[in-house]
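Dear colleague,

Please find the structure below, handed over for your records. I would be grateful if you could read the notes that follow alongside it.

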Amino acid sequence: MAIIEVKHVSKNFGEKVALDDVTLDIPEGKIFGLLGPNGAGKSTLIRIINRITIATKGEVYFQGHPITAADVAHIGYLPEERGLYRKMKVGDQAMYLAQLRGMSYRDAARELKAWFVRFGIQDWWNKKVEELSKGMAQKVQFITTVVHKPSLMILDEPFSGFDPVNADLIRKEILRLKDEGATIILSTHNMESVEELCDEIALLDKAKLVITGGTDDIRHRFGEDNVEIEYTEDFTRKTEVVSREKAGARLTELIESGIRINSYRELVPRMNDIFIKLVTEGEGK
């Protein structure tokens with residue numbers, strides 16, 4: 001079942017076309033990667049889903065009905081442009097944002113303190129935001145995005161500015177939230193994160209939808225149907241790439257020669273290579 005259905009959505013800003021007849025489904029309980037180069041239309045689509053911007057044409061459906069202002073309460077949105085009130089204390093601001101998202105004072109205090117403990121930042125509660133580093137502030141903003149347990153979370157470049165340790169912390173939290181039933185839209189340029197986290201993706205380029213589908217399916221679709229055989233011959237490790245069609249005969253030949261097979265694996269392209277290929281091909285049109 002799709003939690004979000006985007007149906008023939010277009011958005012114009014004067015003469016500029018930001019989205020051009022985009023149709024896609026975002027399945028419930030999955031991590032959905034929204035990919036594309038800068039200016040492709042990702043942020044515009046996210047703003048339309050959040051009802052920050054209204055589509056020029058088309059419709060967005062939330063759980064089967066046209067999305068309303070009330071539905072936005074079930075969405076947690078972490079924008080790429082981070083924004084916290086620098087002069088406020090961290091705890092006061094987190095409480096304010098949690099209550100703004102519909103939580104009672106008691107529930108907000110309980111859930112926020114649990115999150116602060118999980119992230120090991122209990123001593124930040126009475127600090128002012130201006131005392132925090134960029135990465136520290138982003139931790140706080142991530143917490144305030146998800147604390148009300150929204151059914152849909154939209155995370156725009158959530159790893160930006162984090163060191164490897166904290167980026168890994170956020171990845172683990174995203175997977176945990178998915179396991180608890182949340183749907184997550186992940187907008188990122190980090191293709192390694194896409195391969196690690198995303199069940200499905202959509203690639204936008206020049207306002208149009210280029211491709212959408214399961215991450216593994218897309219990687220296999222762009223493969224060249226080759227396999228890699230690694231074996232040991234005369235005490236030397238060797239690697240050979242052959243077509244799948246010829247792989248069986250080659251394996252038989254090696255085994256009958258008494259050669260030890262170390263590994264056999266299908267070669268599929270990385271998402272980064274597919275991204276570059278599709279965007280580069282689009283530039284030539």
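The notes below start with the whole chain and then turn to the sheet, the hairpin, the helix packing and some single residues.

This is a predicted model, in which local features need pLDDT of at least 70 and side-chain atom pairs count only at pLDDT 80 or more, while totals for chains, interfaces and linings use all residues. Residues are numbered from 1 along each chain as its sequence is written, and side-chain values use heavy atoms, with hydrogens and water left out.

The chain as a whole

The protein chain holds nine helices and 13 strands. Helices (H or I, at least four residues) and strands (E, at least two) are DSSP runs, numbered from the N terminus. Taken along the principal axes, the C-alpha atoms of the protein chain fill a box of roughly 75 × 50 × 30 Å. The chain has 285 residues, of which 47% count as buried; buried means under 20% relative accessible area, exposed over 50%, and partly exposed in between, with a 1.4 Å probe and protein chains only. Of the contacts (heavy atoms within 4.5 Å) between residues at least 6 apart in sequence, 66% join residues at least 24 apart.

The sheet and the hairpin

An open sheet is formed by four strands in the order 2-1-4-5, with antiparallel pairing. Two strands pair if DSSP finds at least two bridges between them. Strand 2 (16-27) and strand 5 (65-66) each have a single partner strand and stand at the edges, so one side of each is left without a neighbour in the sheet. Strand 1 (residues 2-13) runs antiparallel to strand 2, and eight bridges join the two. One of the residues involved is Val6, whose bridge partner in strand 2 is Leu24.

Within the loop between strand 4 (57-62) and strand 5 lies Gln63. Its phi is near 50°, a positive value in a residue other than glycine. Gln63 has 36% relative accessibility and therefore counts as partly exposed.

Asn226 has Ser243 as its bridge partner in strand 12. Two residues lie between the strands of this hairpin, and Asp234 takes a positive phi near 55° there. Another positive phi in a residue other than glycine, near 50°, belongs to Lys206, which lies in the loop between strand 9 (200-205) and strand 10 (208-214).

Helix packing

Two packed helices are described by the angle between their axes and the distance between the axes. Here axes are lines fitted to C-alpha atoms, for helices over the stretch in contact, and angles run from 0 to 180 degrees between N-to-C directions.

The axes of helix 2 and helix 3 cross at roughly 125° and come within 9 Å. Helix 2 is therefore oblique to helix 3; angles under 35 degrees count as roughly parallel, over 145 as roughly antiparallel, 65 to 115 as roughly perpendicular and the rest as oblique. The crossing of these helices is right-handed, that is, the near helix is turned clockwise from the far one by less than a right angle. Val90, Ala94, Met95, Ala98 and Gln99 in helix 2 meet Tyr105, Ala108, Ala109, Leu112 and Phe116 in helix 3. By class, this contact has nine nonpolar residues, one polar and no charged. Ala, Val, Leu, Ile, Met, Phe, Trp, Tyr, Cys and Pro count as nonpolar, Asp, Glu, Lys and Arg as charged, and the others, Gly among them, as polar.

Helix 3 (residues 105-118) also packs with helix 4 (residues 134-146), their axes coming within 11 Å and crossing at roughly 140°. This crossing is right-handed. Leu112, Trp115 and Phe116 of helix 3 make the contact with Phe142, Ile143 and Val146 of helix 4. Its residues comprise six nonpolar, no polar and no charged.

Two buried residues in helices

Gln93 is found in helix 2 (residues 90-100) and, at 2% relative accessibility, counts as buried. Beyond its neighbours within four places in sequence, Gln93 is in contact with Leu84, Tyr85, Met88 and Val129.

Thr44 lies in helix 1 (residues 42-49) and is buried, with a relative accessible area of 12%. Not counting residues up to four places away in sequence, Thr44 touches Lys11, Phe13, Ala18 and Leu19. Thr44 and Ala18 are 26 residues apart in sequence, and their C-alpha atoms are 6.9 Å apart in space.

Yours sincerely
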